[in-house]
Amino acid sequence: MSDPRARISSVRVAVVPGPGRSGLLCQLREDGSPTEDPVEVADLVAAIREREGPTGGPPQPRWVWPSAAGLYPALLRAGVRVARCHDVALADALLSGRDAALAETNGARTPVDVAALTWDDDAAEVGGGLLTHQQPLFDPVLAGAPERPDPRDTMNALIDVHADQLGRIGSDEHPGRFSLLVAAESAGALVAAEMSLAGVPWRADVHDALLTDLLGPRPALPGQRPARLADLAAQFAAAFGGTGGPGGPSGGQHARTGKPVNPDSPAQVLQAFAAAGIRLPSTRFAVLRNVDHPAVGPLLEYKELARLHSAFGWTWLDTWVQGNRFRPEYVVGGVVSGRWASRGGGALQIPRLLRRAVVADPGWVLVVADAAQLEPRVLAALAGDRAFAAAAAAGDLYSELATAFGGERRKAKVAMLSAMYGGAGGEAGQLLAVLRQRFPAASGYVEAAARAGEEGRVVRSVLGRTCPPPSANWRSLTEEAADPDGERDPNAGRASRARGRFTRNFVVQSSAADWALVMLVSLRAALTKIATHGESPRVLPSAKPGTPARRQQPELVFFQHDEVIVHCRREQADAVVAAVSQAAAGASRLVFGPTRVVFPLNTSVVDCYADAK
DNA sequence: ACCCCCTGCGCG
DNA sequence: AAAGCGCGCAGGGGGT
């Protein structure tokens, strides 16, 4: 402890919940080895609160725990926020993803069972729910044990797993980047729990008025179609000639049930059109829009409104919005690329229309920031393509690229999207050739990723997140095709190219997710430094248990791949806007190092999400 | 009754 | 059929 700086970076404290309110803590060295015997504390929450100290105070420890998703919500409910953690479950997912690729099919490590590292029933339930696909117990001490283990054994297991993880992180090809990824992923889990608790400000009355306006009054019974939908469904059926009257012509009726053809049933819709002499490949919007038949108008309008009603109607409002807050559950690392997923509430698929209902509290505003053209900029930085990076140094990337495509911005965009997604239809092939010639490094980067995928190899994001290896099914399919004596399965080529498109996109999407995650957690850190009431948070009293008073600190309330929303007091908006832009600049530096590529944000300060540009 | 797959569409 | 990547969710329809 001679050098205080060394201490700042090295204090890690392992946490294991015990029975009741108790728990075990154990301070660790930088290599993960314990400095002491685990200390039993009667009130774990109080102990963490005390060691964490006030924001802006002495450096906070990095809490090493089985899973933030399992433990942190309970801490937050008790009014305790922490600055940093190492999430063993998330780290395990990153490491086993990496090592599974190296070990190929055999020799895969048994994933850590987070539930086995917890003791508290509630925490175990939450943590276990997060990782239900992980079956085996990792710890011989716990394997097969029907009773809850001794917390000291659990603590020892946690310490061992964590130390092992540190070693594996250190042995990565790029240990600095990979440890940044683990730290950011862990901090992401903190943000996710905090955002779930804060909730998105959601005006139920605005939402309800919107629904009533579009659909008619809320039906008395949940199963009933609102008036507007019932009307459109009837128009749709009638357009096939059936009036619906008993004994009448049956053009608009289902052959078997005799009921009017149901616009919610693709099969019935296809059948009805076929009976009218129109054979359709599907009932998708893109197909139907070009069909000339009187049923199409009402059907398209029905589909649009029915979607709103079923996915984000009154039932959704009842289920997900309480006290004018929408509280979704985020799943950190839920997408292979590192993007977040959500559970329940369709949090990451909220229709733009409903952004009208997202309104800041009185005296508060929303700071909405989204990264502009993130993925092509990421590709520019990844590939180190000089010509491309020069274009990406400017505000509108596609306009800068347009000169290479005869001045047509649209063509530049199509070429970029095709390069990143693997599309080659229509004019894309020709535009890709231009891209290849003018921006060889950028083009070569995604082409190499595609080739790796087609050959069954894995690729990684800039910070080292690994894509999943191909399935056994994929291997047998493609290996048969490679065998000259074997029969050529046409599916083999298709499967190979499909995986090529996946890995081609993975390098871009996952590196963009790296950037966005680092930006998010940097922003979180910066927001805690924004003063409330014009005073430094350093001099404010620390939060009291229960925290009855409303937090005045700016709060992250939403994160959607490349976009964040901060809810803050109006007078804090300028500081939040500055924090957002610093977080973006910092993320660019941390993730990509020196690069001339810029990652601009579109930032708006608004009362209503729908007003963000 | 429940489960699973398909279709279609919302978001990035 | 404007297409190529990643998701979650609701409803229909078939299976058990």
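Modeller: A polar contact is a pair of N or O atoms within 3.5 Å; within protein, one must be able to donate a hydrogen and the other to accept it, and residues adjacent in sequence count only if both atoms are side-chain atoms. This is a predicted model, in which local features need pLDDT of at least 70 and side-chain atom pairs count only at pLDDT 80 or more, while totals for chains, interfaces and linings use all residues. Residues are numbered from 1 along each chain as its sequence is written, chains are lettered from A and ligands numbered from 1 in the order in which they are written, and side-chain values use heavy atoms, with hydrogens and water left out.

Colleague: Which backbone nitrogen does the side chain of Gln-268 reach?

Modeller: Gln-268 belongs to helix 10, which covers residues 266-275; helices (H or I, at least four residues) and strands (E, at least two) are DSSP runs, numbered from the N terminus. Contact means heavy atoms within 4.5 Å. Apart from neighbours within four places in sequence, Gln-268 has contacts with His-254, Pro-260, Val-261 and Asn-262. The backbone nitrogen reached by its side chain, at 2.8 Å, is that of Asn-262.

Colleague: Is Gln-268 buried or exposed?

Modeller: The classes rest on relative accessible area: buried means under 20%, exposed over 50%, and partly exposed in between (1.4 Å probe, protein chains only). Gln-268 has a value of 16%, and is therefore buried.

Colleague: Which phosphate oxygen lies 3.3 Å from an N or O atom in the side chain of Gln-268?

Modeller: Asn-262 also takes part here, with a polar side-chain atom 3.3 Å from a phosphate oxygen of DNA strand C. For the side chain of Gln-268, the phosphate oxygen at 3.3 Å belongs to DNA strand C.

Colleague: Which element gives the largest share of the surface near DNA strand C?

Modeller: A residue is near a molecule or strand if one of its heavy atoms lies within 4 Å of it. There are 27 residues around DNA strand C, and Ser-265, Asn-290, Gly-344, Arg-501 and Phe-502 come nearest. The largest share of this surface, four residues, comes from helix 21.

Colleague: How many charged residues does the surface near DNA strand C have?

Modeller: Ala, Val, Leu, Ile, Met, Phe, Trp, Tyr, Cys and Pro count as nonpolar, Asp, Glu, Lys and Arg as charged, and the others, Gly among them, as polar. By these classes, the surface has eight nonpolar and 13 polar residues, and the number of charged residues is six.

Colleague: Which base atom of DNA strand B lies 3.5 Å from a polar side-chain atom of Gln-349?

Modeller: Of the 18 residues around DNA strand B, those that come nearest are Thr-283, Arg-339, Gln-349, Arg-355 and Asp-562. On DNA strand B, the atom 3.5 Å from a polar side-chain atom of Gln-349 is a base nitrogen.

Colleague: What percentage of the atoms of DNA strand B within 4 Å of the protein belong to sugar or phosphate?

Modeller: Lys-303 gives one example of a sugar contact or linking-oxygen contact, with a polar side-chain atom 3.5 Å from a sugar or linking oxygen of DNA strand B. Among the atoms of DNA strand B within 4 Å of the protein, the rest belong to bases, and the sugar or phosphate part is 78%.

Colleague: Where is Asn-324 found?

Modeller: Most residues other than glycine have a negative phi. Asn-324 is not a glycine, yet its phi is positive, about 55°. Its relative accessible area is 36%, so Asn-324 is partly exposed. Asn-324 is found in the loop between strand 7 (321-322) and strand 8 (325-326).

Colleague: How many helices and strands does chain A have?

Modeller: Chain A has 613 residues, of which buried residues make up 49%. Among its contacts with a separation of 6 or more, 67% join residues 24 or more positions apart. Its secondary structure comes to 22 helices and 14 strands.
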